[in-house]
Amino acid sequence: MTKNELATLMSSRTKMQSKSDALNSIEAFMEEVASALSQGESVYLRGFGTFQVVRREAKKARDITRNTEIVVPAHNTVKFVPCNTLKRKMNLPRTKRSGVCQRS
């Protein structure tokens, strides 16, 4: 599902007057989550899951085009941990899924 498809669904399921209102809401949500993560905070969404900042240590890797060893520097990345409700919904038969896991 793309951001555009999500905005279409949100505008039809809520009282938002237009798809652009839904897009603005999605953009604001993404900016707030990114801001919190960039400050090292976790973002917990009850019934959905948690976005966490995880530190990856430096490691050796291989550049397969040059066949040389390279060092990937240490960096932060984002990890998503789904809540149990979402995990259960993901394992239901497709016909019984509802809410956040529903896809057409």
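Begin by selecting the open sheet, in which three strands run in the order 1-2-5 with antiparallel pairing; strands are DSSP runs of E of at least two residues, numbered from the N terminus, and two of them pair if DSSP finds at least two bridges between them. The model is predicted, so local features need pLDDT of at least 70 and side-chain atom pairs pLDDT 80 or more, while totals for chains, interfaces and linings use all residues. Residues are numbered from 1 along each chain as its sequence is written, and side-chain values use heavy atoms, without hydrogens and water.

Next, colour the edge strands, strand 1 (43–45) and strand 5 (75–82), each of which pairs on one side only. On average, neighbouring strands of this sheet are turned by 25° against each other, direction ignored.

Then select strand 2 (residues 49–56), which pairs with strand 1 in the antiparallel sense over three bridges. Tyrosine 44 has threonine 50 of strand 2 as its bridge partner.

Finally, display the aromatic side chains: the structure holds two aromatic pairs (rings of Phe, Tyr and Trp, the last by its six-membered ring, with centres within 6.5 Å; planes under 30 degrees apart are stacked, over 60 edge-to-face, the rest tilted). The ring centres of phenylalanine 48 and phenylalanine 80 are 5.3 Å apart and their planes stand at 50°, so this pair is tilted. Phenylalanine 48 lies in the loop between strand 1 and strand 2 and phenylalanine 80 in strand 5, so the pair ties together parts 32 residues apart in sequence. Phenylalanine 51 and phenylalanine 80 form a tilted pair, 4.9 Å centre to centre with 50° between the planes.

Key
Helix = DSSP H or I, 4+ residues; strand = E, 2+ residues; numbered from the N terminus. Axes fitted to C-alpha atoms, helices over the stretch in contact; angles between N-to-C directions.
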